[in-house]
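Good morning. I have one structure to go through today, and I will keep it short. Please look at the screen.

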Amino acid sequence: MSRRSAARAKASPYDALVEDGLVSADELQDCLRRAAAQRRSPEQLLIAEHQVPVARIGAALARHFDVPYEPFQRGRVRSEALQGLLRREFVVEHGWMPLEESPDGLVVVCTDPEQVRAARVVPQVFARTSRFAWRVTTATEFGQMLAQLYGGGEGGAIGDLLTDLSVPLDEDPDNDALLESAAADNEVVKFVNKLVVDAWQQRASDIHIEPLPGKGKTGIRFRVDGTLMPWLEVPAHFRQALVTRLKIMCDLDISERRRPQDGKIRFRRFGPLDIELRVATVPTAGGVEDVVIRLLAAGEPLPLERLNLSPHNLPRLLATVSKPHGLFYVCGPTGSGKTTTLHSILRQINTPETKIWTAEDPVEITHKGLRQVQINRKAGIDFAMLMRAFLRADPDVIMVGESRDEETVSMSVEASLTGHLVFSTLHTNSAPESIVRLLDMGMDPFNFADALLGVLAQRLAKRLCECKEAYAPEADEVRAFVTEYSDALRQTPAWRADRAGASKALYEGWLREHGRQGRLFFHRPRGCERCRDTGYRGRIGLHELLVADDAVRRLIQERARVSEIFETGVRHGMRTLKMDGMEKILLGLTDLSQVRAVCMR
Ligand SMILES: [Zn+2]
């Protein structure tokens with residue numbers, strides 16, 4: 001008993017850092033001693049003097065206290081339970097805060113779970129709550145959470161706004177006049193503006209507003225770099241005013257709550273940003289309405305050099321799109337950056353001698369010299385109709401935002417055979433698959449083969465944040481990497497003749513190009529303030545360029561299968577999305593988990 005208590009007296013919450021080899025036992029003792037003398041947190045010394053990552057400290061605390069670690073995530077701190085209940089001074093003094101209701105109970109985060117539990121203050125404050133789910137966090141991150149809730153940090157005044165919103169609005173769901181006046185309430189107007197500005201600052205592409213019926217809270221999430229993350233929850237009594245305010249901003253019928261509606265907001269009229277918002281309302285179960293808002297930036301085209309095309313693909317692409325006539329497609333799922341790429345290509349060929357017509361939905365990127373037309377389905381202006389109009393309007397180059405129907409595609413083929421350059425996008429997965437899909441639409445194989453210049457398949461993979469950590473992979477990991485990369489090369493003559501030799505040549509080529517001191521380096525995500533501790537920030541394009549050379553043209557005429565086009569493409573220099581992604585791993589831009597995630601077929 002006495003031996004055990006002696007050991008416990010010596011134990012510190014940071015011991016796991018020694019076990020993990022991040023600091024030595026002596027270094028830790030030294031930090032603890034000096035921190036106690038200076039009345040500051042040992043964390044500061046560990047971070048400043050020994051470069052221990054905050055997340056590793058959090059993990060050490062979790063092991064010591066045997067409760068899960070709660071890292072600081074901007075989207076997580078949105079607890080309305082705090083409002084009007086706990087003052088900042090109280091939270092600072094007691095060192096804990098409630099985060100959210102969860103199936104395991106009320107989540108309470110603190111820096112010292114033993115002390116907070118022993119003090120028994122939490123069950124007194126939340127007397128009606130029977131279960132608590134404890135989380136530990138670092139002192140650094142607890143400070144960030146405080147700053148976000150109460151202002152003072154860069155998180156700003158979400159806390160203040162929610163306090164103001166907590167004033168119940170007189171709400172009668174069937175009284176439109178009352179609703180309209182509630183929606184015009186100054187706090188509601190301010191909240192919606194803050195919502196849009198925050199989403200914009202966090203680089204969100206979409207805002208999702210998801211109300212629950214009855215007393216349930218309304219969740220708000222942002223989509224950033226393709227992934228949804230929670231932003232805030234707002235009280236039930238506020239949802240009608242919020243939804244009504246958005247409907248008023250885009251001139252929708254506020255009394256219509258049973259049918260989906262859609263509209264646009266020029267945000268410049270209401271707030272400090274010159275962006276367009278596309279708003280869609282969808283009535284959901286329980287008589288509430290969801291709202292999804294897409295943020296559209298009026299942008300300029302990026303130079304092709306900034307699209308992260310590999311040194312292998314960039315010259316091939318330039319050569320392909322510099323032909324005087326023909327048909328070129330960019331393919332990939334929604335949100336894979338197809339339009340951005342098409343505009344970069346158009347920017348490249350946009351000269352005073354060239355007439356370029358575009359049909360787009362929506363027109364998001366604009367450039368001087370292009371004549372751009374917005375699709376308006378309600379008014380009957382669709383892609384096929386505009387294509388017909390362009391052909392009568394003396395074009396050199398035509399860009400059609402999407403090719404979904406047979407009419408648009410056959411007009412594109414015709415236009416390219418009569419001397420025009422036509423660009424469009426397809427919702428297909430791979431370059432070879434696109435060809436077969438278009439033939440299946442009923443294209444004449446001979447005309448189509450003559451018209452086609454090439455197909456570029458594209459994906460966006462998450463880019464590693466600057467905080468990434470380089471490491472030299474073990475031989476096994478390198479071997480697996482080579483095998484995965486060469487999956488598509490199996491059928492090529494070089495690999496069939498001498499697989500071991502070809503793998504070796506591949507590896508040695510990488511070493512020459514990317515190696516340091518005779519080794520390859522990979523990177524793993526770490527996490528910092530800038531990337532909200534996710535380890536990733538922004539995205540990069542992965543590309544698969546199939547050039548329609550004579551061999552591919554012959555296969556089109558023969559209506560070959562996808563696998564045959566694929567194999568021929570690879571033999572003639574096409575690198576698959578996966579291969580392109582893996583080369584970007586060697587460049588330290590992303591990692592294997594992200595490449596695999598977007599290359600799943
Ligand atoms: Zn980072």
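I will begin at the metal site. The four donor atoms around the zinc ion subtend angles of 105 to 112°, and therefore the arrangement is tetrahedral. The cut-off behind that word is that all angles must lie between 85 and 135 degrees. As background, four tetrahedral donors have an ideal angle of 109.5 degrees. Keep in mind that this is a predicted model.

Which atoms hold the zinc ion? They are the SG atoms of C465, C467, C528 and C531, at 2.3 to 2.4 Å. Along the sequence, these donor residues follow the spacing C-x1-C-x60-C-x2-C.

Is C531 buried or exposed? C531 has 2% relative accessibility, so it counts as buried, since buried means under 20%. C528 has a relative accessible area of 22%, and is therefore partly exposed.

Now the cavities. How many of 30 Å³ or more does the structure hold? There are two. The largest cavity has about 70 Å³ of space in it. Its lining is made up of P211, R239, Q240, V243, R257, G287, V288 and E289. Two elements, α13 (239-249) and β9 (288-297), each give two or more residues to that lining. Of the elements, α13 gives the most, with three residues.

Sorted by class, the lining of the largest cavity has three nonpolar, two polar and three charged residues.

To recap: a tetrahedral zinc site with four cysteine SG donors, and two cavities of 30 Å³ or more. That is the end of my part.

Methods:
Residues are numbered from 1 along each chain as its sequence is written. This is a predicted model: local features need pLDDT of at least 70, side-chain atom pairs count only at pLDDT 80 or more; totals for chains, interfaces and linings use all residues. Side-chain values use heavy atoms; hydrogens and water are left out. On a 1 Å grid over the protein atoms alone, a cavity is a set of points where a 1.4 Å probe fits but cannot get out, and a pocket is an open set with protein on both sides within 12 Å along at least five of seven lines; lining residues have an atom within 4 Å of a point. Grid points are joined across faces, edges and corners, and a volume is the space filled by probe spheres set on the points. Helices (H or I, at least four residues) and strands (E, at least two) are DSSP runs, numbered from the N terminus. Ala, Val, Leu, Ile, Met, Phe, Trp, Tyr, Cys and Pro count as nonpolar, Asp, Glu, Lys and Arg as charged, and the others, Gly among them, as polar. Donors are N, O and S atoms within 2.8 Å of the metal (3.2 Å for Na, K and Ca); water is not among the atoms, so sites may look incomplete. Four donors count as tetrahedral if all angles lie between 85 and 135 degrees; four count as square planar and six as octahedral if opposite donors are over 155 degrees apart and all others between 65 and 115; anything else is irregular. Buried means under 20% relative accessible area, exposed over 50%, partly exposed in between (1.4 Å probe, protein chains only).
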